[in-house]
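Hi,

Here is the structure I promised to pass on. Have a look, and my notes follow below.

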Amino acid sequence: MLENLSDKLDVLFKKLRGQGVMSEENIKEALREVRLVLLEADVNFKVVKDFVEKVRGRAVGTQVLQSLTPGQQVIKIVQEELVALMGGGEDNSLDLAAKPPVPIMMVGLQGAGKTTSCGKLARLLKGQRRRPLLVPADVYRPAAIEQLKTLGRQLSVEVFDSRADQDPVDICREALRYATLNGFDVVILDTAGRHQVDEYLMNELVRIKEAAEPREILFVADAMTGQEAVNVASGFNDRLDITGVVLTKLDGDAKGGAALSIRAVTGKPVKLVGVGEKLDALEVFHADRLVSRVLGMGDILTLVEKAQATFDSTEAERLQQKLKKSQFDLEDFRNQLQQIKKMGSIESILGMIPGVGKAMKQLQGAQPSERELKRIEAIIGSMTPAERANHAIINGSRRLRIAKGSGTTVQEVNQLLKRFTEAQKMMKQLQKLGPKGLMRGMKGMGKGMFPF
């Protein structure tokens, strides 16, 4: 979603890096371009104005660090101010330090992804060894109650039994009583939304707030609605005094202005971000990490956290030993692909590695697609255990059988086997060269150097 902003800032920063000396005129020109880039990204114009003034105040007459050129110094200031703009350094964790059950009230307009976010939040809390109860308090939207029950079944999380003819305030009161009696420690209230803010909706939400006394009131904002999300957030904050924001659809193709504006306009922290449609695609928001990704510097910390949550350490050790002994086979490769898919899209993973996302983008066709990975899984799945263990035994008739079984062509099977053989040879060579040789080898890779 923030790709366009990232690309434009990258072009601007390349110009700045080339400046040996930064005069006041240079800085003025650079900030003019920063202003245009942010406005084009749909960032609130008042936020842009304040941001540019802060950067100008720090950049003009600032002392240049010995380790930085004047151009790099301006880039550093822009980076630090972007982090501050999105609430860097403040505590954006969920406040659950209260006598259980702790109510969390989810509010927002219809279509923002509120009900799905309730399910994602329940999964996140369950992973933290909490026992959440989902409460469908939206009695107006057709099938809203059933949608939450379906999510609950998928997650093995209990959903309070409510009906469309009940008063939403009564539902929340009864749900909290039920949670207390049955040992739930968090209650997630899925409230009603509208297509726009109206008085009836707000009055109902105020009544629920008074009855449930939620520890957190999270406004769910669709990041793809741009400036409208900021305006709506302000409306909800004025009436409910929200405690934080959940930004959904951050993986979409909108300009990204809401992500940069909403914290500055409401004064409330972005606590969680939805980065995909799957129920595990909800992340704790870190301003410094998002800015790092926007500026093309990667996000290694999030990548490591995802890997730790996905990969089994014993299995990783076993694979390391197989790699050392050159015993890595197609079965191992398929298992690794399946593990990687759990971490998110290939594009998002590459974007977290400093420099790699942009390098892959520049190599036309080098970045693997999700469809390609599915095709590889299908081909390997059509092989026998003996063929996966030793691909050298796969002759012409076996290749034809594998192609028919996977719905692919013999050429695609041949291509996979050829690339896998080349990758095995490459891993042997890089292992001999050590860490420095590995880095040199990575820099020289292009299309066809990986099995996918």
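This is a predicted model: local features need pLDDT of at least 70, side-chain atom pairs count only at pLDDT 80 or more; totals for chains, interfaces and linings use all residues.

Let me start with a helix pair: Glu199, Leu201, Met202, Asn203, Leu205, Val206 and Lys209 of α8 are in contact with Gly235, Phe236, Arg239 and Leu240 of α9 (contact being heavy atoms within 4.5 Å; helices being DSSP runs of H or I, at least four residues, numbered from the N terminus). Sorted by class, that contact comprises 6 nonpolar, 2 polar and 3 charged residues (nonpolar is Ala, Val, Leu, Ile, Met, Phe, Trp, Tyr, Cys and Pro; charged is Asp, Glu, Lys and Arg; polar is the others, Gly among them).

As for geometry, α8 spans residues 199-212 and α9 residues 227-240, with an angle of about 45° and axes 10 Å apart (axes are lines fitted to C-alpha atoms over the stretch in contact, angles running from 0 to 180 degrees between N-to-C directions).

Residues are numbered from 1 along each chain as its sequence is written, and side-chain values use heavy atoms, without hydrogens and water.

Elsewhere, Cys118 is buried at 0% relative accessible area, and Cys172 is buried at 0% too (buried is under 20%, exposed over 50%, partly exposed in between, with a 1.4 Å probe and protein chains only). Asn390 sits in the loop between α18 (385-389) and α19 (396-406) and is partly exposed at 38%.

Cheers

Methods
Helices (H or I, at least four residues) and strands (E, at least two) are DSSP runs, numbered from the N terminus.
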